Every structure is written in C-alpha cells, then in structure tokens.
Amino acid sequence: MRKANIIVASTLLALSIFIIYQAKKLPASIPGAGLGPGVVPFWLALCLAFLSALLLIINILNLDKYASGQISLNRQELISVGVIFLTLILYMIFMEYLGFGIATIFLVTFLSKRLGNYALWKCSLLGIVVAVVSVQVFRNFLSMPLPTGFLGF
Amino acid sequence: MFETLSQLMNGFAIALAPQNLLFGFIGCLLGTLIGVLPGIGPTSGIAMLLPLTTILEPTAAIIMLAGLYYGAMYGGSTTAILVNIPGEVSSVPTALDGYKLARQGKAGLALSMAAISSFVAGTLSLLGLTFFAPNLAKMALQFGPPEYFALMVLALSVVVNLSGRSLLKGLISGFVGFLIASIGMDPMTGVNRFSFGNLNLMSGIDFISVIIGLFAVTEILSNVEENAVDVYQTKLTGLWPKLSDLIYTLPAMLRSTVIGFFMGLLPGCSPGVTSFVAYDTEKRISKNPEKFGTGEILGVVAPEGANNATTSGGFVPLMAFGIPSGPALAVLLGGLMMYGLQPGPTLFEKHGDFVWAVIASMYVGNVILLVLNLPLVGLWAKLCKVPYPILAPMVLVFSFLGAYSVRFKLFDVGIALVFGLIGWIMKKTDFPASPLILCLILADMFETSLKQSLSMAQGNPLIFLSRPISLVLILIALVLAGFSIYTRYSDPKKAAQMMVESE
C-alpha cells in the first residue's frame, strides 16, 4: 500500500502543479464580475498540492499505520480488469461502425464467456437477448439515437 | 400543521395518479432487486438509471429513484439473512443474527420481522420528514449568497464522515472532485478553463458520467474475480409472525426509528452507520446481551428499522438545505439538479407540488415494499442465484446507455469508462469515491455563491462572519467536522470499524 500511495500522491502532486500553472494563465479578476475564472481553481489546486505532498511525506517516512498492509491485487485480477477495460474501450470504438446492437451482442457474449465460461451458444443467446431488448426499449421505444452502424442495428 | 396536512393530501393526489404510482412501483421493485443482488448498491443503481429517467417528467422520475433508494434498504436484508452476504452495508449487522436464525430454521421469521420493522420505522420517520423538512426550508428562505456559501460549507463538512479510513485521502478525493468540476465554462464569467481547445471539454465533464463510472463500472471491475453466491437452502416457513413476536420487538422498532431518524438528520450519517448504532444500543440495553450474534430477533429488527428510518431522515437535510447525508443521496441530489430542481430553501416554495408528491409517494412506497417483501420473499431469495457472469455484462450495457443518454455523445461513455478505471484504482488504494462525487456536484454552487458574496462585499471575506445565519451555519459545520474528527481520533479502533462499515 505504501508504494501505491507514493505513486498516487506523486501523480496528484504533479497534476496539481500543472493545474496551478494553467490557472495562473487565466485572468485573476474580470471587471464587473469580481473574482476571475482562475482564482478558485488556483487555490483548490494549491490545497491539493499541499495534501498530496503531505500524503507523500507520510508514506515516505512510513508514518501511516494503515498503509503498511498490502493491496489485495494479484496478477490474475489485474489481467481480468485489464481485459474487461480493453473490451469496453473496443466496444465504444467499434460501436460507431458496427452499430449498438451488433457491438452489444459481441460484448455480452465475450464477457459472459470470459467471466462464467459457459457454452458459447448460451453466451451468444444472452448477447442477442440483451441487444434486442436494449434496442427495442431504448432506440425504438424511448427514441434514443443509438449508433446504427453499417448494418442498421 | 393543517397547511402541511393539506399539502400532503395534494401530494397523495399526485403520487396516486396511475403514472406516478406505476413508476413508484417500478422504483420499489428495482430497488428491492438491487438490494437483493450482492454487488450492486443503491448508489450505482440510481447512477445507472438516473440519465435513463430523463424521458419521464421530473415527479415520476424522482418518485422512481427515491423508491429505488429505500427499496434497496428493504431488499438488502434478504441476502444478509439467507446468504450471509449483506446486499447493502447497512444490512451487515442484520446478517449477524439473521443468518443464525436462518440456520436455526427461522429464516421466515427473520425475513418477515425485517420487513415489518422496515415498514414501521420507514413510515414513522416519514411523519418526521413531513413535519420537519418544510419548517426548516421556511426558515432558510431568507438566504442570500453568503448564507448559500455557508450552507455549502456545511454540506462539505460531510466529507469528514465520508472519508473512510483516511481523512487525508478523503480530503484529496474532495479536492479532485472540485477540480474536475472546474473543467469547462466558469459559472460567472463564461470563460473556458482547462479545456485545451477540446470541444467536448468546453461544455464540462458531466457529473452523471463520473458517477456511473465511479460507482457502476468500478463495482463491476472490482467484482470480476468474485464467484456467484449460493443461497442457503431452507424452506421458508413462518413468514407471518406471531403476535408475541410483534409485542416483543415493537419497543426495539420504535427505539431504532428514533435513532435512525435523528441520526439521519446529521450530515454524513449514512444508514450504514445508524444500523450499527441501533444494533449496539439494543445489545447494550438487553437483559441477555449474550444472545446477540447467536440468532436474536432484536438483532434483525433494530438495524433494519434504523436503516429505513435514516433513509427518510436523510431526505430532511436534502430537501430543506440541499445537503446529502450519504453517497446515494448525493447522486439523487444530482438527479434533482439535472431536472433543474435545486434542493434547498426554495424547493418547497417553487416546486411544492413536486416535493409533496415525492413525500407522499414514500408513504405509498412503504406499503408497496411491505407487499413486495413479505409474500414475494421466496422469489427474491431465488434471485440471489443469478450468476455474476450474467449480471455483470447487463449492468455494463445499462451503464453505457446511462452515460450515453446524458448528451448522446460517446465522449460521455469514454468519461464513464475512464472514471470506472480511476474508481477501481481508488478502491484498491483506499481513496473514497463519495467525497469526490459530493464536491463535484456542489462545486458549481460553491463557486458561484462564493464569488457573488465577495462581489457583494467588495472582496471582503468577513461578510461570511458578519451575517448571523451564515455565521451560525459555518459554526455548525466546524462543530460537526470537529466532532467527527474528534470521534475518529479519540477512539481510533471503533472509528475505523465504523468507517469501514460506512464505506
């Protein structure tokens, strides 16, 4: 946990310094409107920088008793989360070309197969049912402009 | 008093209209389902459904979402009793005695008493909501920008209670929420901030996508390695309790109602906390405290009553001041704002019909939930068997639809996915997500009221201390935050336990 805290605190510290730099570029006051758009983000980023630095120091000096434990993360879980996240990114990217319905069939089939290891036909059936119901309810009944893709589904 | 009753009657007329009744029923049904299914909480449930309700008119939508919230409190006990896996954090103490009762063949009694206690406490605390909230809101009608700013400070003092194990991490999470909200147009000047020329970022990051990512997507990513649960196989008998059971448990129901409702009025006191307090109180005053944890029915009745009373109690600060007392209510606050209904002092004045319809729908909802939970408890028990590999893809598709429906842009889906991953990292590294959401939702009002107040006072920050109401609100915020910090550090063991339980 200590190592993770140090990484997160360093990232947040760098991010807050970047925001402070960006906020300083914005006007500090605007005639008639009082405080300018950069003032509040500047102070917020300054506070975030201070707190991140504090977290960093506490963990470098090993002063946090809760941070002594290990993060419950194993290689298998990391792979599973990575695969699901990547699948969702691909789902989002391909939806525009394949259409919501087709992309959803692929997504649900793949995820239920990967997570539950059921027979492929069962996973495909689930994918088709979820896609058809979603398209019927959200596109046809609720008129949501879901991407249709080249097959129109 | 009579004015309140007459407005409540008007509310019933609206709540009992067929369309509102239907959506109230759907909300209760979905809430019970969400409560029953381990792995989906009321917060992620509301987050998922919130954008999808935009096709409804605001009253029906909020009636449905409120039903979903308190429905989840009812449903959470089912898995706690039958599977020893509480559907919600607030049902953790229920599992201690409820599961033991199920093992002794008294699952029916435990389930029915949980439902009855939820009904009694839920209904009684609604009376509190009916008479407390409008009077508080009336008082708050004199608020100007400095008072609104002070109110935001009071709301933000909740962050201390939502911070989980580490206050430092909670504060960091809150500041990150504020900074996310600052992307896009400045609320006062219209100048673009941190958009780097990206057209999508110019209109800001919608909090709905962030909520869906942090709660719904994160929950799925966190549970990918979880296996499906098996229900404890026992025949459900004795669903209708004896009169002696009711007489024995009634005082505990009333005590837990008082505890749950009044603690629910305090910002930051979630049902997860009050159910533990009610359980602990019953154990302390019991003549046979050693029975607790071995299958004592009072150990089921007290937490279930308290968590439902807190649910209603939490609506008082939400409706009167716009202060959410927990993550689910913070999301609901976002929902109200999405519909242009700013919770707070003017809500009762400007949208009286809406507020009273929602309050009246809760009375109706409690009856619906009693009906759903008593005769249909066997059905809910069977639903615990839905395997996670089937549930997870469906939740993801609905989360996607929820994020997409905000502005019909895949950009918002991308935001939800990114925040899903961020939420997973936050969960792994013990950063609480609730302060981020709370600050993200309140940031706009915080910044606007701060800037307006300083403009009024020619930049003098003492304006917040020179006006009596804002001074009192700031003092209350400081006292509440100070008390929470004191509790956290004076008894670290107990506080840590409570923090984990309220996460």
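User: What does the domain assignment of chain A give?

Analyst: This is a predicted model, and for chain A the assignment gives domain 1, covering residues 2–68, and domain 2, covering residues 75–141. The centres of domain 1 and domain 2 of chain A, taken over C-alpha atoms, are separated by 38 Å.

User: And how many helices and strands does chain A come to?

Analyst: Chain A comes to 5 helices and 2 strands, and from the N terminus on its elements run α-β-β-α-α-α-α.

User: What radius of gyration does chain A have, against a compact globule of 153 residues?

Analyst: Chain A has a radius of gyration of 24 Å, whereas a compact globule of 153 residues would have one near 15 Å. Along its principal axes the C-alpha trace of chain A spans about 55 × 50 × 20 Å, and 35% of the 153 residues of chain A count as buried.

User: OK, chain B then: what radius of gyration does it have?

Analyst: Chain B has 22 Å, which agrees with the value near 23 Å that a compact globule of 503 residues would have. The C-alpha trace of chain B spans about 70 × 50 × 50 Å along its principal axes, its secondary structure comes to 24 helices and 2 strands, and 63% of its 503 residues count as buried.

User: Among contacts between residues at least 6 apart in sequence, what share in chain B joins residues at least 24 apart?

Analyst: In chain B that share is 80%, and for chain A the corresponding value is 57%.

User: Moving to where the chains touch, how many residues does the contact take from each chain?

Analyst: The contact takes 50 residues from chain A and 44 residues from chain B. On the side of chain A that touches chain B, the elements that give two or more residues are helix 1 (2–25), strand 2 (34–35), helix 2 (39–60), helix 3 (75–98), helix 4 (100–116) and helix 5 (120–141) of chain A. By class, that side of chain A has 37 nonpolar, 11 polar and 2 charged residues.

User: Which elements do the buried residues of helix 2 of chain A pack against?

Analyst: They pack against helix 1 and strand 2 of chain A, together with helix 9 (167–181), strand 2 (192–193) and helix 21 (434–456) of chain B. Among the buried residues of helix 2 of chain A are V39(A), F42(A), L48(A), L55(A) and N59(A). Helix 2 of chain A has 22 residues and reaches 31 Å from its first C-alpha to its last, close to the 32 Å expected at 1.5 Å a residue. Just after helix 2 of chain A, N62(A) takes a positive phi of about 60°.

User: Which residues touch the most other members of the largest nonpolar core?

Analyst: Of the 213 residues in that core, I46(B), L65(B), A110(B), I211(B), I212(B) and L440(B) touch the most other members. Domain 1 (2–68) and domain 2 (75–141) of chain A both give residues to this core, so the core lies between them.

User: What is I46(B) in contact with, leaving aside its neighbours within four places in sequence?

Analyst: I46(B) is in contact with L65(B), L68(B), Y69(B), A328(B), V331(B) and L332(B). I46(B) is also one of the buried residues of helix 3 of chain B, a helix spanning residues 42–49 in which 8 of 8 residues are buried. The buried residues of helix 3 of chain B pack against helix 2 (18–36), helix 4 (58–82), helix 11 (207–222), helix 15 (327–338) and helix 19 (388–407) of chain B.

User: Is N117(A) buried or exposed, and why?

Analyst: N117(A) is exposed because it has 9 other C-beta atoms within 10 Å, and a residue counts as exposed at 12 or fewer.

User: And what is the phi of F408(B) near?

Analyst: The phi of F408(B) is near 55°, a positive value in a residue other than glycine. F408(B) is found in the loop between helix 19 and helix 20 (410–428) of chain B, and with 11 C-beta neighbours inside 10 Å it counts as exposed.

Notes:
Residues are numbered from 1 along each chain as its sequence is written. Chains are lettered from A and ligands numbered from 1 in the order in which they are written. This is a predicted model: local features need pLDDT of at least 70, side-chain atom pairs count only at pLDDT 80 or more; totals for chains, interfaces and linings use all residues. A residue is buried if 20 or more other C-beta atoms lie within 10 Å of its own, exposed if 12 or fewer, and partly exposed in between; C-beta atoms are placed from the backbone. Helices (H or I, at least four residues) and strands (E, at least two) are DSSP runs, numbered from the N terminus. Two residues are in contact if their C-beta atoms, placed from the backbone, lie within 7 Å. Ala, Val, Leu, Ile, Met, Phe, Trp, Tyr, Cys and Pro count as nonpolar, Asp, Glu, Lys and Arg as charged, and the others, Gly among them, as polar. Domain bounds come from an automatic or database domain assignment. The expected span of a helix is 1.5 Å times one less than its number of residues. A nonpolar core is a set of buried Ala, Val, Leu, Ile, Met, Phe, Trp, Tyr and Cys residues joined through C-beta atoms within 7 Å. The radius of gyration is taken over C-alpha atoms; the globule rule is 2.2 Å times the number of residues to the power 0.38.
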